[in-house]
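Please consult the sequence and the structure shown here while reading.

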Amino acid sequence: MMGLITGLIKKLLKLALYIAVFAIAVVLIPNIPPYTKFSSIKLEPTKPRTGILESNGLLNNAEQLYKGKLLGPEAFQTFNGELYTSLATGEIVKLTAGGHVTFVTKIGQPCSGLAYEHICGRPLGFVIDEKTKTLYVADAYHGIWKVDLITDKKQLLVSPQVEIQGKVPKIFNSIILDKNGNLYWTDSSADFYLKDGVFSTLADPSGRLLQYNTAKNQSKVVLENLWFPNGVVASLDNQFIVVAETFRYRLLKYYIDGPHKGNAEIFVSGLPGTPDNLRALPDGSGILVGLYTMFNDDNPLLTKSMSETPHVRKLIARLYRLIELPFEYLNKVYPHFLFDEITYYIGHFKSISGLTPAFSGLLQLDWNGNIVALYDNTDSTLGHISDGIVYNGKIYTGSPNKQDFIGAVPAPPQLLRAFSKTVETKEIPKTASKIEQTKPVQKEAKVEKREIKTEAPKPTEQHKPTQKQHEKKPTAEAPQKSQPTVQPPKPAANIEPKTTSKPETKPTPKPSSQPSKPETKTTNKPEAKPTPKPEIKPTPKPEIKTTPKPETKPTPKPESKIPSKPETKPTPKPETKTTPKPEAKPTPKPETKTIPPTSKPVTKPTTKPVTESSKPELKQTPDVKPTPKPEIKSSQTHKTESAQVPDRKENLVQKDTPKIRAGVKSATQEIPIKEEIPSDTAKPNKETLKVIKKDGPTEIPNPNL
């Protein structure tokens, strides 16, 4: 038994020796691919996962949106309230409501699978200039392109085949547009293409941050020897650029303006994950960082542990390459898609994605590099996270590998506030447009003035014509209203509001004309013309017979209430003085009675609305003063009143009556009034007056004309 164990140990030692010799040979033999440098790289210590960085699982239980409709969403941008993303299949698409994916543009050519992504193209980063509706795309294989979102016209800005300061860009990654119109973009590696990205994690840094000058159509290097530079973002004041250095687990700050222009410094280091895309928060509070994968003491990251062991990294990189070479050779001799798939899988990041911890998240920073919050996923429902954005109240996340959905998680309040500015800018135009649409409607309502308001109350309260609720009715109804409202000096008060514009001329007495002026203020223009007639007080008696019931009930009540109303207060006092006592006695009852038939619609518009409209009418009232007043007492429709007015006054009435008639029609549709009081009403006599003198009858001028 001991001999068996001893023999097994010897075999294992021999195997280990052979492996060691092979490894030493692989490491020491020169000119073995990959042809790059390997040196010791010391990293800043990782921040402890305590306090703000403590795991919280805020991104757990993620939904899977657009499942099976897209593959490998890498980065997000919003434009016109819609969400855009770049896919592993080479397209940039728009995500619309209802789960629709709309094609926007494509830089590469059609291809048959991911193994041919160097043909399909792989847009890793893009930015949208909303002012010019232009899309700037950084395609990993095809360079920097400018695309017109309206016409889809494309223009190549930076070619992948042209050297920039001695090196050809191999991985065009992220891009940002500064306030001066220049582009800053990252070349993640000058040694390896994206399909061989696994080697960039082991080799020495060769990435660069570059500036594209739009005026000169040139690119220049501003930072170099970065270990896989990734996301990039510009500060709000355009003073510096922040760039993610993925495999150093830190962010760098490069000054593009100000006294420190051209200098670089560490923005934040020792991150608990690999930073990918960066996004400036819309409220200006800081940056949102996508952590592709996260680690801690219990789940360390292998590539991070090997940073200070260049020989180990060199060995692994050469072993990978030695395994890949035979399949490349076979594919050249005997082209087959299977060889393409194997070659693609060995060199791509996918081959090591299974070796990374199944944790990912989003990190929120302020503009000073301080950590504000961490949102992480610990249940593997999101896998890896390359970018995140708050959209429709949720955090949308993407992953560049085989993920065929958009992850969605309810956004925490802190992150919602950070994205609140974008929400305010989508609702303002809509509200502004709504306001503009409502403005004309409001103006129309004002033009109709009390008519619209009075029409609404008419059917509801016919028995309360004098109440303030219905005072807003058209001016034509106001005179009828005023008749029942004024009862102590009821004849004069009722008449004057009817005549509103012409109450001043009611009874010849001057004091009556003066109170009528305030009455005109309360009443509408058209009604005042026909209604200045206290003289016709006897005439309302027949009117009382026609509609005594509805008027008798409201009239006593409004009489007591009306004096309290602001509208009736000015009118009754002057009218009582102006009208003679004998006239006032007969008139109150008939006037109040006559008005109610018409008052059902009319009484609703109390004098309050009339007073509002009367202010502009006062200017017209002086012209109307000479007009006779008997017509108003009859409470006839405006047509009959206008017929009774003298010719010259009829002209004045005709100018304003169309509006009144329209208002009256709308107000009296339910109870049309066609009563016509015959010659009982006192009308001004157009004939000349004759006086009998000694010499005989003589004509004298008629003072009423």
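Helices (H or I, at least four residues) and strands (E, at least two) are DSSP runs numbered from the N terminus. The model is predicted, so that local features need pLDDT of at least 70 and side-chain atom pairs count only at pLDDT 80 or more, whereas totals for chains, interfaces and linings use all residues. Residues are numbered from 1 along each chain as its sequence is written, and side-chain values use heavy atoms, with hydrogens and water left out.

H5 comprises 24 residues and reaches 35 Å from its first C-alpha to its last, close to the expected 34 Å; the expected span is 1.5 Å times one less than the number of residues. A kink of about 25° lies at Glu324, shortly before Pro326, the bend being the angle between axes fitted to the seven residues ending at a position and the seven starting there.

Glu324 also takes part in a salt bridge with Arg321, at 2.7 Å from N to O; the term denotes a side-chain nitrogen of Lys or Arg within 4 Å of a carboxyl oxygen of Asp or Glu. The two residues are three apart in H5 (residues 310-333), about one helical turn. An α-helix has 3.6 residues a turn, so residues three or four places apart point the same way. Glu324 is buried at 0% relative accessibility, and Arg321 is buried at 16%.

Across the whole structure, a search finds 15 salt bridges. One of them joins Asp187 to Arg208, with the closest N and O atoms 3.3 Å apart. This pair links distant parts of the chain, 21 residues apart: Asp187 belongs to strand S11 (residues 183-187) and Arg208 to strand S12 (residues 207-213). Both Asp187 and Arg208 are buried. In the salt bridge between Asp152 and Lys154 the N to O distance is 3.2 Å. Here Asp152 is partly exposed, with a relative accessible area of 30%, and Lys154 is partly exposed at 31%. A network of salt bridges links Glu44, Glu245, Arg248 and Arg250.

Definitions and conventions. Buried < 20%, exposed > 50% of the residue type's maximum accessible area, 1.4 Å probe, protein only.
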